[in-house]
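Let's take a walk through a protein model and look at how its charged side chains pair up. Have the structure open and follow along.

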Amino acid sequence: MAQPDSKKVFFENLTGAGKAIAVLTSGGDAQGMNAAVRAVVRMGIYVGAKVYFIREGYQGMVDGGEDNIKEATWESVSSMLQVGGTVIGSARCKEFRSHEGRLRAAHHLVEKGITNLCVIGGDGSLTGANLFREEWSGLLAELVEQGLISQDSSQRHSALHIVGMVGSIDNDFCGTDMTIGTDSALHRIIEVVDAIMTTAQSHQRTFVLEVMGRHCGYLALVSALACGADWVLIPEMPPEDGWEDKMCQKLSANRAGMKRLNIIIVAEGAIGRNNKPITTDYVKDLVVKCLGFDTRVTILGHVQRGGTPSAFDRILASRMGVEAVMALLETTANTPACVVSLCGNQSVRLPLMECVQMTQEVQKAMDEKKFEEAVKLRGRSFENNLRTYKLLAHRKPESELPVSNFNVAILNVGAPAAGMNAAVRSAVRVGISEGHKMFAVSDGFEGLYKGQIKEIKWADVGGWTGQGGSLLGTKRTLPAKHVDKIAEQMRLHNINALLVIGGFEAFECLLQLYDARATHEDFCIPMCMLPATISNNVPGTDLSIGADTALNAIVETCDRIKQSASGTKRRVFIIETMGGYCGYLASVGGLAAGADAAYIYEEPFDIRDLQSNVEHLTEKMKTSIQRGLVLRNENSNENYTTDFIYQLYSEEGRGVFDCRKNVLGHMQQGGAPSPFDRNFGTKISAKAMQWITKKLTETFRQGRVFANTEDSCCLLGMRRRNLVFQPVVQLKDDTDFVHRIPKEQWWLKLRPLMKILAKYRTSYDVSDSGQLEHVVRNRPKESDASGAM
């Protein structure tokens, strides 16, 4: 048998035979917890372990009994991926805080042979789990002394292993960029804000919204960034004395600038510099008294905890659940309790108590009024969110702006993608703050060579964040055939830098403009590209603006399609997704929707594979599941079309299941951008403009800008943990230009995970899985991946 690549480690080397794993959810519920439970159960069973549910959190562990600690089966976690909350229940348990309660819990675990715990909850739940682990040997000694367990049993269960996953909508746990449930909570908030904005505009009203976050302002801050709120109040950064007058001045100035509404977002734990609470009613009364504006208060409350988990949370929870099982399989008696975290686009394992201690340090800093320190302790992502919000929301007076005399043009290229407008807004406002004159180009490079260029001001991009599509207009036209005309227009408008937002076409455009530098000095200027395409097929980046919105559209539609068969016995749906030759949407959408198979171009398949999939699904239909889901990327195979696969499944499944097919089409491209795409677009655009300013300063010599080096024509992309500027010419070798995809794609490593969770036997490369690291207080400067896939 051939040996696997020495650089790779396959989890077949890790066996769970003879091990028992228990999974519980504790504390407050969060959307995505069920996806994590499902992943733990199925991965645990897959590696040969016994897996148990502990119902009602620690309360179920303390109470014991068959109803509270129950062995899980593969089928027991079917149809729970799309369900919000936690189906195994969660409760805050006072008894577990006592020594007697933990003694009873230990007895009940030993009775079932459980020595591996996967705890999904907040810092309180995880701290309790660590204390339980530290006391374990003493608890067993007491149980032996009381005659409740034998000495032999005590020795066989001598070590308790703990792995935590953070489930909390507040994103208040240090050590991870995103906690399970945060993205879904942001979806709920933004849905409400978008709805409120339409009624507020009709009546010229001011709305004060309270969002959750008693000790952490993440939800308030990021939702303010995502909707372009006029003001935000969070506990980590209380406003300066006299903020009331400044806020009212800003609201008044916005109204004077023809804006018909104001949005103020208040975290429930918002405080002033004197540590006194700032309530929504106080803010409302202030606005009414000072400005006389018609003002309303909306408190979102538990709406934020409810509803279906977003695509992001399902993928995050599934990845974390599988990682947690692998961590438990690899643990030894000396391994400290760890928590599975997300850093950028990568799973990492961190010592649980290091994370808990840093989380507690944040609160201590706030109590001591060391607010700058509290913001830093929250992490670079939180700090950057706050900095970006201030940059975009608060316009400096003209007298305070630097004077650069540089002209920067922005254009969109390729197909529209949700989040493009947020990126344009961010670039315009940051550019103006840096002292540049900003120009908007309509209809991409076609508009550029036709001279469709006009100056764009701060107020012109107000309200753009939540708009889908491309308000500037976008075309697929490449510049090569129109180089002379484009150069002429750039001379005419004295364009000193170019920001191109788009997909694979935008990448090709920058390559062509770089080559054109040899004959046209007009292109010897800083040029930067931001990846924006639902296909996520741009080289040099793990993620593109728009892909998350498209994934949510796919997952939401798949949920509805599966639900349509709830009254029908045994039905399989064949769903076609977009993406060109890139299988990202089909694969990652399949993982998030719980698909049984996903056919893509990057992983060739033949009739034998199709037959094997049909047989596998037939077997599952006979024994357990009632609905099947198969995704197919539109260009996965020119012969095995969606119609062919539909007819094959219909024929081969006759008598066992029937089939339906759906082509999702352009609904994947439309709609309002998701919170992730709004924030990702906003933040990378702000970073790109700061890079452009730096390059303009560096390359300005003898009264003109001249930039002809490779590193002056870059793509800004997310690579694993970092946001990185990469010269486009250096990405040529990484690109398959015929099929318009990168030669290497990170998400292909998620495909075995989808297959495992669908009950296939497969190899899963774990060389990228998290090794135990330590909490880093200050990450490298380029790192700011605020919760990437």
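Start with the overall tally: there are 37 salt bridges in this structure. Keep in mind that the model is a predicted one.

First stop: Glu-368 and Lys-370. Their side chains form a salt bridge, with N and O 3.2 Å apart. Buried or exposed, or something in between, for Glu-368? Glu-368 has a relative accessibility of 39%, so it counts as partly exposed. Lys-370 is partly exposed too, at 41%.

Now find Glu-603 and Arg-751. Here the closest N and O atoms of the salt bridge are 3.0 Å apart. This pair ties together distant parts of the chain, since the two residues sit 148 residues apart. Glu-603 lies in the loop between strand E19 (597–599) and helix H20 (607–623), while Arg-751 belongs to helix H23 (residues 751–757). What about their surroundings? Glu-603 is partly exposed, with a relative accessible area of 28%.

Next, look at Asp-606 and Arg-608, whose side chains join in a salt bridge at 2.8 Å, N to O. Asp-606 is partly exposed at 23% relative accessibility, whereas Arg-608, with a relative accessible area of 62%, is exposed.

Which residues form a network of salt bridges? They are Arg-476, Glu-505, Glu-508 and Arg-740.

Definitions and conventions. Residues numbered from 1 in each chain as written. Predicted model: local features only at pLDDT ≥ 70, side-chain atom pairs only at ≥ 80, totals over all residues. Heavy atoms only, no water. Salt bridge = Lys/Arg side-chain N within 4 Å of Asp/Glu carboxyl O. Buried < 20%, exposed > 50% of the residue type's maximum accessible area, 1.4 Å probe, protein only. Helix = DSSP H or I, 4+ residues; strand = E, 2+ residues; numbered from the N terminus.
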